[in-house]
Amino acid sequence: MGLVVFDGYDHYLNGNDFTNRSGVLQYSNTGVTFQTGRFGYGKAVSGAIRASLSSGFSEFYWGSALNIGDTDTISFVDNQVGGGGNQFSVVFDGSNGQIGVFNGAGTLIGSSATNVFSVNTWSHWQIHGLIAPSSGGSVTIVRDTSDTVLTLSGITTQHTTNATINGWNSGGLGANAIVDDTYFLDTTVGGGLYPCNGFIGDLRVDTLFPVGDDAVQWTRLSGATNASMVNETAMDSDTTYNFSATPGQEDRLNFQSLVNTINAVVGLQVTGAYRKDDANVRTLKQLLKSGATEVYGATNTLPSTYAYFTDIFPLDPNTGLSWTVAAINALKAGYNLVS
Amino acid sequence: MSQRASQTVAEALAKADVAQTNARASQVVSEALAEADLAQTDARASQIVSEALGQSATTARATQIVVELLVWNYAVPTPPVYPQLPGLGYSVIWEPRFVNAPVQTHESGTEVRIGYGENPLHNFELVYNFLKDTPGTIEFKTFFGFFLAVAGSLGGFCFPNPDDRSVERQDIATTDGSTNVWTLVRTFGAGGFTGTEPVGYVDITAPFNVYFDGVLQLGNTYEVIRTTPVSQQIRFFNTPGAGKKLSVDMSYFYYCRFADDKLTFEKFLHQLWTVSSVKLMSLRR
């Protein structure tokens, strides 16, 4: 797997919409707000983020850009949905630019030097965690791409019944960080040029929106193209949408091109917001077409309120290799009504 | 051993005093079984519904879909590209200029000659015979706006020199087995007399092909690093083996600025403007 999931926070409407994610990554707290993202791209999120993953990980790499106003705490949590228990927490103290790592009992187990970060400034952080009892765990914190600011080994990082984490918390309780471009990796070696099973660096999430129809079969609510119903940069619920009750029908759409400063694409995911409008079961799968190859994601059962479904494609299905800018600029994506 | 009594109970079976016992009645009803008068009886209907258990024609709705990419290297955006307008006329002045120290001549006639820069800078002087400013033609406003946007000589931009715009099979290097990054250059000249310089910016809107010993390479084996002007680089993700001739097809820009902070536009007819001299100069950074 390597690359588990990522989020650029670019397409959400508000805090309520933020919790509509389903599948591998979900958020449970609506009390977040959105603002202009890092480098002026898309959006970033601030407030109490409560992220949960669909499975547990004993070792992981978490990366994200942070703009810390005063202080922030990133806690890695077991049993996130069931109430949670910290395995360890990374505390950014803006008063002296120091980072401390606390165990699940709240005891400080290590600190960086002071002034390793500045407040109100974007910086990128990678955190590697190995969850283990009896001094078998470790935590490493890397700034930007390769500046290691703290390494702790031989520490106890398991403080719940499980030697895993399945979520993280950021913000809240007086913290005031802005968060952007978050990714989560496990230690499995991924395919292609970017195995995504270690410190992979300061990455950004670029979000592409539909620009036109390639081949469409669903009925649009209004407008001239189906793409125009699903291309909003902030999810607009039932204001504009396409609909279908005919299994097998699919919409395939063209998307924006990458800006010409992108050199490499580490991974791609297709995310869409879908619902059913009455009782009865409706299932849907997302599609991706690269070159002549069309592939489908997981089949999802639609709820009655909009939910985001995400399918991740670390490699170009047309070549089996890492994505190229040219392939990204030519891809199609969409959705297919299964039943 | 002695016996101990922990509790003694005296129980008496007694007859209650009848005189002190009260009977209590809490309710008395009189019930009569009778036949109602049919003429006085109304039937009332307050609600009626028909309920069917079945399947509805449920539709699925899609309200948003995005493609999200995790990308590497958010380089500095490419500077604006100098507008290409039809009124560009002749003459065009192209003036390569080396930056060398003044020649020091000894009394004996011996000279000391020192170069400050390996590569020349380039000056250009252009003439615009007309720039239309009609409701459907925005040439004048485009060029005027471009000069404003780059703030005269302050901002750099990409200049597509029509006489030096692209190369095919440009030799870049011979691999040594340890290097994986090279600066992209172009060679200009003929007849055995050429000069090779780094290109200002690679134009990635045009085809970019890479060859080892004439064999086209897959696009996912390398990246073009465009962060620094006049230092455009190609980087291979895996270091190529030694002894391969690396060549590329590419289009490119000169990285330039306006030579002056003012530009004179002259309106010589209704909706027609001219600029008699636009001076540009290339930059190292």
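Mentor: Let's start with a rule: two strands pair if DSSP finds at least two bridges between them. Keep in mind that the model here is predicted.

Trainee: Okay, so why are β9(A) and strand β10 of chain A called paired?

Mentor: Count the bridges. There are 3 of them joining β9(A) to β10 (residues 108–111) of chain A. The rule asks for at least two, so the two strands pair. They run antiparallel, and A:Val101 has A:Gly110 of β10(A) opposite.

Trainee: What sits in the hairpin of β9(A) and β10(A)?

Mentor: There are 4 residues between the strands, and A:Gly106 has a positive phi near 90 degrees.

Trainee: How do you know that strand β8 and strand β9 of chain A pair?

Mentor: Residues 85–93 make up β8(A) and residues 98–103 make up β9(A), with 6 bridges between them in the antiparallel sense. With at least two required, these strands therefore pair. One bridge puts A:Phe92 together with A:Ile99 in β9(A). This is a hairpin too, with 4 residues between the strands, and A:Gly97 in the turn takes a positive phi of about 65 degrees.

Trainee: Which strands belong to the open sheet of chain A, and in what order?

Mentor: There are 7 strands, ordered β2-β5-β14-β7-β8-β9-β10, and the pairing is antiparallel.

Trainee: What makes a strand of chain A an edge strand?

Mentor: An edge strand pairs on one side only, and that describes β2 (25–27) and β10 of chain A. From one strand to the next, the twist averages 20 degrees.

Trainee: How do you know that β2(A) pairs with strand β5 of chain A?

Mentor: It's the bridge count again: 3 bridges link β2(A) to β5(A) (residues 49–57) in the antiparallel sense. At least two are needed, so they pair. Look for A:Gln26 opposite A:Ser52 in β5(A).

Trainee: Over to chain B. Which strands form its open sheet?

Mentor: Here 3 strands line up as β8-β15-β14, with antiparallel pairing. The edges are β8 (181–183) and β14 of chain B, each pairing on one side only. Between β8(B) and β15(B) (residues 233–236) there are 3 antiparallel bridges, and B:Trp182 has B:Ile234 as its bridge partner in β15(B).

Trainee: What do chain B and chain A share in the way of contact?

Mentor: On chain B, 32 residues are in contact with 74 residues of chain A. Together the chains bury about 4,600 Å², with 56% of it on carbon and sulfur atoms.

Trainee: Why is the meeting of A:Asp277 and B:Arg61 called a salt bridge?

Mentor: Their side chains come to 3.5 Å, N to O. The cut-off for an Arg nitrogen and an Asp carboxyl oxygen is within 4 Å, so this pair qualifies.

Trainee: Which element of chain B gives the largest share of the side that touches chain A?

Mentor: That's β1(B), with 15 residues. The elements giving two or more residues to that side are β1 (60–74) and β14 (222–225) of chain B.

Trainee: And how do the residues on that side of chain B divide?

Mentor: You get 18 nonpolar, 10 polar and 4 charged residues on the side of chain B that touches chain A.

Note on methods: Residues are numbered from 1 along each chain as its sequence is written. Chains are lettered from A and ligands numbered from 1 in the order in which they are written. This is a predicted model: local features need pLDDT of at least 70, side-chain atom pairs count only at pLDDT 80 or more; totals for chains, interfaces and linings use all residues. Side-chain values use heavy atoms; hydrogens and water are left out. Contact means heavy atoms within 4.5 Å. Buried area is the accessible area (1.4 Å probe) that two parts lose on being put together, summed over both. Ala, Val, Leu, Ile, Met, Phe, Trp, Tyr, Cys and Pro count as nonpolar, Asp, Glu, Lys and Arg as charged, and the others, Gly among them, as polar. Axes are lines fitted to C-alpha atoms, for helices over the stretch in contact, and angles run from 0 to 180 degrees between N-to-C directions.
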